[in-house]
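Visitor: Please show me the model, and let us go through the terms used for it and what each one rests on.

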Amino acid sequence: MAETTLNDDAGAENAEATAARPTNVLIVGVGGQGVIMVSKVMATLAQRAGFEVKQSEVHGMAKRGGGVFSHVRFGHKVFSPTIPRGEVDVLLALEWAEGLRWLNHLNRSRGTFIADVKRIVPPFACRNRADGAPLGYSRETPKDVLSRVRTGYALNASGMAERLGNPRVANTILLGVLSTALDFPEEEWLAVIEQFVPPKTVEVNLRAFGEGRDWVARHGEVGPDEEVDFSPPAGLETPPRRPRVFIERAWCKSCDICVKMCPERCLELDEAHIARMRAPERCTGCRLCEYLCPDFAIRVLRLPQDASEEEASA
Amino acid sequence: MNERPAPEKLPRDGSFDIRDWLRLELMPHFMCPGCGHGIALRALLWALDELRVNKDDLAVVSGIGCSGRTAAYIDANTFHVTHGRPLAFATGLKLARPDLTVVVISGDGDSLAIGGNHFLHACRRNLDMTLILLNNEIYGMTGGQVSPTTTAERFTTTTPFGNNEPVFDACEVAQAAGATFVGREATLQTPNLKDLLKDAIAHHGFSVVEVISDCTEIYGRKNDLGNSPEMILAQKREMRPEAYRNTVDTPFRPNPFNTGVLARRDRPEYLDVYRARTEALRRQGGGK
């Protein structure tokens, strides 16, 4: 059973320092996942238990799908609302890469890492727009990460939530996992969750919370990979198609639009001021030059990789 | 017509190839470098290709001007008619051959000034055809005279000290006159323009699509608007997609033009009314 009370492994610290140190919970995720809701539950719960609570968050990124985090600190006396790096007791990640991004905030000797393996690929991970280009997303599997933290749980909470019938309760499942890492009675958790979720979803949220606790009970301290689907992110496996740009020299009127509009800066005007490919290897086949050529001189073809070279050299 | 070398044969990858729709022997076309009309023509042909319109069932009518010449490059039934009268011609054509898909390509001067009367009445009649209004704010072909859409203060050959006249908003005029589908898009957004044209051609009734195009050689040069890439990028600065209309703070973005579908109304189409009337009269045993 994973009833890990946070301060039991204080090691060299004496009892007095342990009691004085606040408990630090860092909740991270992507806008819209429910990071703020989780931190509100956490903060209210601690307040009800008579602790002093300080919470600070970054929000408003939901529209853009950007990273969101929330610091919750509670104890007998809390001075700063933000958690120093390396002092996080529980890191709760609603998205896999966000969890890895904040991993260095986790305390090595006493920290608990809880992460959903759901992957939300941020736009800047897709900067290479070529077909079949690798995504700039973390390749670390839960096994790699869990071996590096003291206590770690990686679970497919989003998949579990979908099976419960509401993909939005993934954060409540993670709350259930979190509840096993902290010393609060289960009824308190349930009461606070009931207070914060929309009235129509109370029932499914309470079931989700139980689901999270059960998951820990079933799997012990380190979650095995059996429920974790960690195939490479979509996009890696698409067969690469090689873009080729054909320019009809007789039709080009040197208007320069293709040269200036190409996002990859592949084109240039030659000595005769006719468009030509300068860097064919950079072309991603976006077809912007073809669309914007007023003279129909450019044709972009996305041919399968095995197209004959003589066609390609035309 | 002088012979030109045939363009090279290209392999196919399943995407739209404009060469299927062009009269290749006439290419390269006559338009100036960087002229937006070529992009608009591509969007039109792309839309027709995606709608799987048969070339034999398509009639493209155009008037005089730079816009008028664009129709000549389409490998289909095309008509190049008198200045300002493509809509009048197309009305007759559609009444005689209702089975044809009729597309009218016209310019701002052609449709709003010289053919303004026909524009209003075509909108009013609501005959099932599509008007593509290539708005480049000037009479380009005839030497750069001021047109009803020339922005205030801008220079043309007939307004050497700046244009003093207020501007026509073609889309507002079309809506007021009763067109049942009104849209606007800039040439910069070619795929969006294609989608808009697809909607417009598929629409049952008179549809107007205003295309914001660039005249780089005359209007751009006279007004110091920069070279072709700068002019086409300037469209991005000025346009405001209709979908965002309610979320943008209007006072902070002066002089925008809304893009997208601006109006879509349901009104009896002219030929439907006409057929119903003739049918009723026939049942009565002929009109008196």
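Predicted model: local features only at pLDDT ≥ 70, side-chain atom pairs only at ≥ 80, totals over all residues.

Visitor: What makes a residue part of the contact between chain B and chain A?
Guide: Contact means heavy atoms within 4.5 Å, and the contact takes 35 residues from chain B and 29 residues from chain A.

Visitor: Why is the link between B:D13 and A:R287 called a salt bridge?
Guide: The term asks for a side-chain nitrogen of Lys or Arg within 4 Å of a carboxyl oxygen of Asp or Glu; the side chains of B:D13 and A:R287 meet at 2.8 Å, N to O, so the pair qualifies. Across the interface of chain B and chain A, the rule finds five salt bridges.

Visitor: How do you know that B:L44 is in contact with residues beyond its neighbours in sequence?
Guide: With neighbours within four places left aside, B:L44 is in contact with B:I74, B:V103, B:I105, B:I132, B:L197 and B:I201.

Visitor: What makes a set of residues a nonpolar core?
Guide: Its members are buried (under 20% relative accessible area, 1.4 Å probe, protein chains only) Ala, Val, Leu, Ile, Met, Phe, Trp, Tyr and Cys residues joined through side-chain atoms within 4.5 Å. Of the 51 residues in the largest such core, B:L44 and B:L45 touch the most other members.

Terms used
Residues numbered from 1 in each chain as written. Chains lettered and ligands numbered in written order. Heavy atoms only, no water. Buried < 20%, exposed > 50% of the residue type's maximum accessible area, 1.4 Å probe, protein only.
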